[in-house]
Amino acid sequence: MGDPFLKAIGSTERLPGAVRVLHMSEGCFAGRCDIERGKGIWVALATRLAGFPQSGKGVPVSVHIDTDGEFWSWDRNFAGHKTRSTLKYDTKRECVRESFGAISIWLKPVWRENGMHIKILRLTVFGIPMPSFTLPRSRTREWQDKAGRFRFDVSADAPGLGMLIRYQGWLTPVHASHETD
């Protein structure tokens with residue numbers, strides 16, 4: 001159980017197979033998603049710093065997950081737009097630290113009946129901690145759909161700015177070596 005999200009959530013007994021497979025293994029996953037970016041110059045700056053893709057419907061998406069010791073890399077490809085993040089379990093805060101671009105966020109996953117929900121606990125930009133009242137609000141959720149696919153709905157809203165980004169869709173393992181039990 002090396003994945004930072006699984007370490008932070010604790011027990012994986014209740015996790016459905018598709019969620020467990022994505023978080024327990026290295027490999028490639030592919031699917032489709034809809035992407036919606038917020039409006040305004042400050043939102044454009046924030047999403048650019050984070051390396052988020054442009055808006056689109058039915059966008060082909062792939063995620064390649066790799067590990068190097070305690071660090072996990074997620075390389076996302078949204079129809080040619082690449083976003084890379086590095087994840088690590090933060091033992092001090094008992095949560096996940098995800099770094100992408102000039103931004104690092106600390107995430108706390110919690111399992112509920114309808115999926116894994118992820119709350120933003122902390123944010124730094126260029127290493128500078130942001131005050132808690134400026135933290136984006138997230139309604140991010142991961143779950144397994146009736147077809148057995150990994151589903152995601154990632155969103156972030158910033159106080160005073162509104163929606164930064166929302167992307168939602170599905171992924172399945174690219175290689176048959178991933179088991180979904």
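Which residues form one aromatic cluster? They are F52, F78, F100, F150, F152 and Y167.

This is a predicted model, where local features need pLDDT of at least 70, side-chain atom pairs count only at pLDDT 80 or more, and totals for chains, interfaces and linings use all residues. Residues are numbered from 1 along each chain as its sequence is written, and side-chain values use heavy atoms, with hydrogens and water left out.

**View 1. F5 and W74 form a tilted aromatic pair.** Rings of Phe, Tyr and Trp (its six-membered ring) pair if their centres lie within 6.5 Å; planes under 30 degrees apart are stacked, over 60 edge-to-face, and the rest tilted. By this rule there are 6 aromatic pairs. For F5 and W74, the centres are 6.1 Å apart and the planes 45 degrees. F5 belongs to helix α1 (residues 4-9) and W74 to strand β3 (residues 71-78), so the pair ties together parts 69 residues apart in sequence. Here helices (H or I, at least four residues) and strands (E, at least two) are DSSP runs, numbered from the N terminus. Both F5 and W74 are buried (under 20% relative accessible area, 1.4 Å probe, protein chains only; exposed is over 50%, partly exposed in between).

**View 2. F78 meets Y167 edge-to-face.** The ring centres lie 5.4 Å apart, with the planes at 80 degrees. This pair links strand β3, which holds F78, to strand β11 (residues 162-173), which holds Y167, 89 residues apart. F78 is buried at 5% relative accessibility, and Y167 is buried at 9%.

**View 3. Two arginines lie over tryptophan faces.** A charge sits over a ring if NZ of Lys or CZ of Arg is within 6 Å of the ring centre and within 35 degrees of the ring normal. R122 lies over W106, 4.4 Å from the ring centre. R141 lies over W143, at 3.7 Å.
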